[in-house]
Amino acid sequence: MLQAYVVEGGGLKPVSADLAKLSEVYWIDIYEPTPAEQKAVEQALDIRLRLPEEPAKFQISTPVRSTGGTITLTALLLAGFDVRRPQLVTVQFIRAKGPLVTVTKGGSGGLAWLAQQCDDCVPPGASDAFLVLLDLIIECATDLLDHVGDDLERINRALFQHHATPKHRLRIEASPRRRTHQLDLVLTELGYSREVLVKLRRSVLSFRRVIILLQERSVDSPLALKLKSFEHELKALAEAEEDLSATNAFMLDGAVGYIGILQSRVINILTILGVLLTPPVLVASVYGMNFKHMPELDWTWGYAWALGLMVVSAIVMYLIVRMRGWL
């Protein structure tokens, strides 16, 4: 698939990919191209496309490659978070004399979702589409971190219940089944947030590598100042991600701790029940024996005596448990 974009009203407008005018557009996005589309782009821009074979999962082995005046920048981009299916896709930014060309491997639809986020994102006179897209990527990553932060704040309130009224907390503690279901949902949400943060960290690190290596090649270029600003922004994103990851890990430990408390309560109740029922069971066992010579077999009040003894023994054990503070 090949999609061309032009600048209109400060935004990126998709246009029909007229193969005869590809050199006049602002940005060309390629995803799973046909051989005809690939050949047309190569002929129109006088470049050679090297499509990535498989999406990388951790890092790119060669993030910057220069061949005959054409610089190919390869990085990992987080996509799919809008449908709660975050995945890392490999993106190549091909910078030559003509328009910027991006080649995407993995995901679906290329970078069309990124172009849709562009609302007056192209400043007047911005001829370098790479800088515009990089700025847009950083903005999307910042919005994503804000969204994850809001989710973690909501999960934090549901987990610790420190903002709830005492009556509400008692109602939750009185229903272990409800609390268990709530903790199950919390763990699910924390797992999703953790996945987003981990993949976002890998994406940010890959772009930082690209920016640093590109800075080394553009020390005396006007591009260096802009790249330095992007590098600072990516560093700030990495620090914010680390903070949210620490918060996520803390809440995960808290959820596991609450699950342990619930299990301890259940085991404690079962243990106390066993302790309380042991003396009555012992009495019933003694008077349930069927030996021939047992004086209680002909006792008129034997049944009432046995029942009373079982009740008294259970009450005595209950008082002992209460005095010990076990219940």
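In which hand does α6 pass α7 in their crossing?

**Entry 1: ground rules.** I am working from a predicted model, in which local features need pLDDT of at least 70, side-chain atom pairs count only at pLDDT 80 or more, and totals for chains, interfaces and linings use all residues. Residues are numbered from 1 along each chain as its sequence is written, and side-chain values use heavy atoms, with hydrogens and water left out.

**Entry 2: α6 and α7.** I took helices (H or I, at least four residues) and strands (E, at least two) as DSSP runs numbered from the N terminus. I looked up the crossing and found that α6 passes α7 in a right-handed one; right-handed means that the near helix is turned clockwise from the far one by less than a right angle, left-handed anticlockwise. Two packed helices are described by the angle and the distance between their axes. The axes of α6 and α7 (residues 302–324) come within 9 Å and cross at roughly 155 degrees. Axes here are lines fitted to C-alpha atoms, for helices over the stretch in contact, with angles from 0 to 180 degrees between N-to-C directions. α6 and α7 are therefore roughly antiparallel (over 145 degrees; under 35 is roughly parallel, 65 to 115 roughly perpendicular, the rest oblique).

**Entry 3: the contact.** I listed the residues in contact (heavy atoms within 4.5 Å). α6 contributes residues including I272, V275 and L276, and α7 residues including W305, L309 and V321. I checked V321 of α7 and found it buried, at 1% relative accessible area (buried is under 20%, exposed over 50%, partly exposed in between, with a 1.4 Å probe and protein chains only). V321 and I272 are 49 residues apart in sequence and 7.9 Å apart C-alpha to C-alpha.

**Entry 4: rings.** I counted 6 aromatic pairs, taking rings of Phe, Tyr and Trp (its six-membered ring) with centres within 6.5 Å; planes under 30 degrees apart are stacked, over 60 edge-to-face, the rest tilted. F160 and F250 are stacked, because their ring centres are 5.7 Å apart and their planes at 25 degrees. F160 lies in α3 (residues 129–160) and F250 in α6 (residues 223–287), so the pair ties together parts 90 residues apart in sequence. F160 is partly exposed at 22%, whereas F250 is exposed at 52%. I also noted that ring pairs link F93, F130 and F207 into a cluster.

**Entry 5: T74.** I placed T74 in strand β5 (residues 70–79). T74 is buried, at 5% relative accessible area. Leaving aside neighbours within four places in sequence, its contacts are I60, T62, P63, T90, V91, Q92 and V210.
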